[in-house]
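Let's take a walk through a protein together. Have a look at the picture first, and then we'll go through it step by step.

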Amino acid sequence: SKYFDIYKYNFNNEKEKRLTENQRTISPIITKNGKIFAITTYDGTSNIVESKLDTIVFKPLTSFNNGTQIFSLSFDSENNDMIFDAVEHNTRNIYKINLENKNISKTQLDFDSRDPYFHGGYTYYSSDETGIYNLYCNGKSITNVIGGAFMPHISSTGKLLYSLYDN
């Protein structure tokens, strides 16, 4: 599809089911309580939408209307927050939205920060604080690469996984 849709794939019978049609949805997150969150873009502006998983009818969670672009989502089940990164005025920063009261707060970082990932009470992200993108955990540097480190994730065995740019 030229419109980015969400599909459900059954590995047992190798069949897929299309859950959305022409909704321009990307980066879905499914929570343990049966909700799905995704990023949708219309007319150059991104927003976060939510739905019950069993009946996909997305409702807006955010209402940006100023050209904001959202790139990634991560769910903090401990605090019922959605963490995301977005570009506003040429710099990517990390935001948090509380799912109960819908309040959005912006992390006040002085550098381009992206790819937030929440795991085990910690927020991991990539930032160019040193002029080279490295990974940080709750504000502390955890990598020191010469190319760039992006998209942190913690594996089921507790290992740090990320995308490394060499050149």
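This is a predicted model: local features need pLDDT of at least 70, side-chain atom pairs count only at pLDDT 80 or more; totals for chains, interfaces and linings use all residues.

Residues are numbered from 1 along each chain as its sequence is written, and side-chain values use heavy atoms, leaving out hydrogens and water.

How confident is the predictor? pLDDT is its confidence in each residue, from 0 to 100. The protein has a mean pLDDT of 91, with 99% of its residues at 70 or more. Strands here are DSSP runs of E, at least two residues long, numbered from the N terminus. Confidence is lowest in strand S1 (residues 7–10), with a mean of 90, and highest in S16, at 97.

Now for the charged pairs. A salt bridge is a side-chain nitrogen of Lys or Arg within 4 Å of a carboxyl oxygen of Asp or Glu, and the whole structure has 7 of them. One joins Lys 35 to Glu 50, with the closest N and O atoms 3.4 Å apart. That pair links distant parts of the chain: Lys 35 sits in strand S4 (residues 35–42) and Glu 50 in strand S5, 15 residues apart.

Buried or exposed? Buried means under 20% relative accessible area, exposed means over 50%, and partly exposed is in between (1.4 Å probe, protein chains only). Glu 50 counts as buried because its relative accessibility is 14%, while Lys 35 is partly exposed at 31%.

Arg 92 pairs with Asp 85, the closest N and O atoms being 2.7 Å apart, and Arg 92 and Asp 85 are both buried. Arg 114 pairs with Asp 112 at 3.0 Å between the closest N and O atoms, and these two are buried as well. Salt bridges with shared partners also tie Lys 35, Glu 50 and Lys 102 into one network.

Finally, look at the loops. Most residues other than glycine have a negative phi. Arg 24, in the loop between strand S2 (15–18) and strand S3 (25–30), has a positive phi near 55°. Asn 80, in the loop between strand S7 (69–76) and strand S8 (81–88), also has a positive phi, about 55°. Asn 80 is partly exposed, because its relative accessible area is 22%.

Note on methods
pLDDT is the predictor's confidence in each residue, from 0 to 100. Helices (H or I, at least four residues) and strands (E, at least two) are DSSP runs, numbered from the N terminus.
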